[in-house]
Protein chains: 2
Amino acid sequence: MKARGFAFEITARDGLARSARLVTPHGVIETPAFMPVATFGAVRGIAPDELERLGAQILLSNAYHLHERPGEDVVARAGGLHSFTGWGGPWLTDSGGFQVTSLAARAGIDEEGVTFRSPHDGRCRTLTPERAVEVQEKLGADVAMVLDECVSDDVVTPTLRARAAMERTLRWAERSLRARRRVDQALFGIVQGGCSAALRRMSARATGALGFDGHGLGGLGLGEESARREELIAAAQEELPENRPRYLMGLGRPTDLLQAIALGVDFFDCVIPTRNGRHGLLFTRSGTLGVRNARYRDDPSPPEEGCDCPTCSRYSRAYLRHLLHVNEALGARLTSVHNLRFYFRMLEDVRAAIRGHTFGALRANAADSRGGTP
Amino acid sequence: MKARGFAFEITARDGLARSARLVTPHGVIETPAFMPVATFGAVRGIAPDELERLGAQILLSNAYHLHERPGEDVVARAGGLHSFTGWGGPWLTDSGGFQVTSLAARAGIDEEGVTFRSPHDGRCRTLTPERAVEVQEKLGADVAMVLDECVSDDVVTPTLRARAAMERTLRWAERSLRARRRVDQALFGIVQGGCSAALRRMSARATGALGFDGHGLGGLGLGEESARREELIAAAQEELPENRPRYLMGLGRPTDLLQAIALGVDFFDCVIPTRNGRHGLLFTRSGTLGVRNARYRDDPSPPEEGCDCPTCSRYSRAYLRHLLHVNEALGARLTSVHNLRFYFRMLEDVRAAIRGHTFGALRANAADSRGGTP
């Protein structure tokens with residue numbers, strides 16, 4: 001990696017799956033790693049010291065949302081995201097490309113960039129590749145993402161439209177690299193290409209040749225079937241430089257993570273653990289549990305037997321059900337804590353399995369116990 | 001005190017102010033003490049282990065709200081509030097008298113009890129003194145409160161109406177004592193009497209003679225002036241048994257607490273620290289701070305210099321302002337944590353001052369630094 005203070009070292013392999021250490025100026029991340037989503041610089045209701053204890057290694061925030069509020073200059077004057085938020089470990093910021101280019105009705109996209117009406121104050125904003133880099137350099141995350149054009153509802157997107165977006169994303173990638181000023185921030189390119197494996201392959205080969213510090217896989221998880229997604233991820237992975245981190249953007253369920261890890265993906269982010277938690281959907285090793293259900297009214301058991309999280313060690317399903325029913329903020333917090341711990345623990349198990357060459361068995365067991373496709 | 005497992009021992013005096021130890025089956029409370037409000041069995045967004053670390057000794061919940069959801073039988077089957085909620089220390093439950101009798105338009109009050117339409121499901125409910133005792137015995141708090149008739153907007157209440165409510169509260173108090181079944185739960189009577197010192201005195205004398213384990217002062221903080229309230233509290237205190245705990249219900253601001261402590265009050269509860277926190281109003285020793293204000297946009301200082309709370313040790317005014325502006329749940333949580341710690345620390349200082357016979361100076365300094373009336 002070219003950015004100063006960074007290194008990426010693959011420490012174990014099991015088939016295409018791999019475990020690595022990403023060294024950043026704010027700490028070392030063991031991969032495969034899951035990044036909790038802190039859209040506005042905080043994981044909903046969860047404090048940084050709790051995230052540390054749960055096993056979080058890196059948080060993801062959103063440059064577009066932070067640009068709107070409080071503004072990147074406020075964050076910069078506070079010394080960047082690390083000192084502004086109280087999470088001093090590694091940060092990654094997304095450019096906001098997904099948010100602004102997928103708001104199709106509100107956005108106008110041309111070669112220069114994206115013009116859109118802010119849902120916050122109704123004013124028009126223009127986001128260009130250069131501006132996305134500038135905003136993220138001010139926010140000061142360890143890893144920044146380029147502005148990409150994400151074609152929404154990829155399943156039915158004609159290849160022509162997907163090809164145009166992929167090619168524009170590539171031109172924007174080159175502009176992003178030229179706009180770069182900071183040497184202590186990693187910049188990741190993004191692979192697009194809709195639902196075409198051929199386009200994904202072209203995008204990965206061309207993006208990979210530009211010299212980014214790592215690569216994101218964008219525009220996935222938008223409705224395509226699991227088997228198709230597997231093919232698209234595999235096509236991109238074969239073309240991407242082996243010695244750089246790979247990040248599947250915005251996905252997903254535990255089975256989605258295991259599928260991508262089997263293909264060599266290193267990083268993930270998703271709102272599922274926290275959002276599902278707020279809605280009372282708890283992940284357990286034997287499947288999901290809808291804790292608002294009447295059947296748990298008198299259930300004194302913890303959400304998941306054998307779980308080491310603070311929620312499972314102190315609270316019952318009956319109490320969580322009650323808190324969610326009366327809209328008590330502590331309920332959303334305790335369920336989010338459990339789900340985050342479920343994800344972190346799953347990835348701890350995955351890393352151990354890759355080291356022990358048992359990742360295939362872990363994945364098969366997980367699929368069996370959840371009754372889902374692997 | 002008559003309830004089994006309880007003792008109340010006054011350990012220091014400074015004028016009328018006093019510091020005591022209340023022994024309960026679930027722990028010892030040093031008074032004067034502040035009880036955070038956990039309406040539905042949780043302090044909004046704050047976990048029991050955090051409350052312990054902040055210095056909470058006893059929590060207050062509301063029998064009326066818990067009766068509605070999840071129902072006292074659910075709590076009883078879970079082993080009572082202590083095991084249902086994860087807060088294993090002392091609990092006090094209010095009967096709900098204030099909530100149902102002050103909902104004047106929705107409630108019909110007669111000698112039997114209060115009939116009201118539930119704001120939750122629109123159905124009619126009847127709450128009697130006996131039922132209030134039964135519900136609270138099932139909830140299993142360490143301290144239960146009798147059902148009282150609270151006349152709303154006391155300032156303009158004619159004495160006749162205040163007298164009738166006070167006398168009914170007294171008859172209900174006798175019925176509550178007869179309805180009592182548990183021997184391991186303390187039961188407190190409640191002094192009423194509107195804005196008349198003579199009525200307050202009569203109520204305190206008669207209630208105090210009934211043999212309750214302690215006494216609440218109800219129907220205050222409803223708009224009366226501070227000097228009037230001082231007179232009303234003093235009148236009641238002179239008539240109440242000296243050797244039983246005294247609890248000023250629902251009040252209030254720091255200066256309200258200091259005023260009542262000077263008159264010999266031992267217990268307090270109020271939503272102010274948490275509710276003000278959620279609205280961005282922070283208590284500090286040099287006055288309140290509205291952290292949403294634009295002037296704090298770039299302020300890297302903690303909410304209060306020298307504060308030992310988790311919020312002040314890790315977060316800036318600028319970050320709290322941002323979190324509150326984007327309605328991030330962590331913001332309400334961090335501000336509530338600071339305000340609760342402010343209250344607990346103030347009462348720690350008060351107890352030390354009573355022991356050292358410097359309470360008068362503490363109160364005068366607090367008034368000076370806040371520029372308010374003592």
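This is a predicted model: local features need pLDDT of at least 70, side-chain atom pairs count only at pLDDT 80 or more; totals for chains, interfaces and linings use all residues.
Student: How is a residue judged, and is B:Gly280 buried or exposed?

Tutor: A residue is buried if 20 or more other C-beta atoms lie within 10 Å of its own, exposed if 12 or fewer, and partly exposed in between, with C-beta atoms placed from the backbone. B:Gly280 is buried, because 20 other C-beta atoms lie within 10 Å. B:Gly280 sits in the loop between helix H11 (272–278) and strand S15 (281–284) of chain B, where helices (H or I, at least four residues) and strands (E, at least two) are DSSP runs, numbered from the N terminus. By contrast, A:Arg228, in helix H9 (residues 226–239) of chain A, is partly exposed, with 15 other C-beta atoms within 10 Å.

Student: Which residues does B:Gly280 touch?

Tutor: Two residues are in contact if their C-beta atoms, placed from the backbone, lie within 7 Å. Not counting residues up to four places away in sequence, B:Gly280 touches B:Gly290, B:Val291, B:Arg292, B:Leu324 and B:Thr335.

Student: Why is helix H10 of chain B described as largely enclosed?

Tutor: Eight of the nine residues of H10(B) (residues 254–262) are buried, so this helix is largely enclosed by the rest of the structure. Among the buried residues are B:Pro254, B:Leu257 and B:Ile261, and the helix is followed by B:Gly264, which has a positive phi near 100 degrees.

Student: How are two packed helices described?

Tutor: They are described by the angle between their axes and the distance between the axes. Axes are lines fitted to C-alpha atoms, for helices over the stretch in contact, and angles run from 0 to 180 degrees between N-to-C directions. In chain B, the axes of helix H8 (residues 197–208) and helix H9 (residues 226–239) come within 8 Å and cross at roughly 30 degrees. That makes H8(B) roughly parallel to H9(B), given that angles under 35 degrees count as roughly parallel, over 145 as roughly antiparallel, 65 to 115 as roughly perpendicular and the rest as oblique. In chain A, helix H6 (residues 129–139) and helix H7 (residues 159–179) pack at an angle of about 45 degrees, with their axes 8 Å apart, and H6(A) and H7(A) are therefore oblique to each other.

Student: How many residues of chain B are in contact with chain A?

Tutor: In chain B, 31 residues are in contact with 31 residues of chain A. On the side of chain B that touches chain A, H13(B) supplies the largest share, five residues. By class, that side has 16 nonpolar, seven polar and eight charged residues, where Ala, Val, Leu, Ile, Met, Phe, Trp, Tyr, Cys and Pro count as nonpolar, Asp, Glu, Lys and Arg as charged, and the others, Gly among them, as polar.

Key. Residues are numbered from 1 along each chain as its sequence is written. Chains are lettered from A and ligands numbered from 1 in the order in which they are written.
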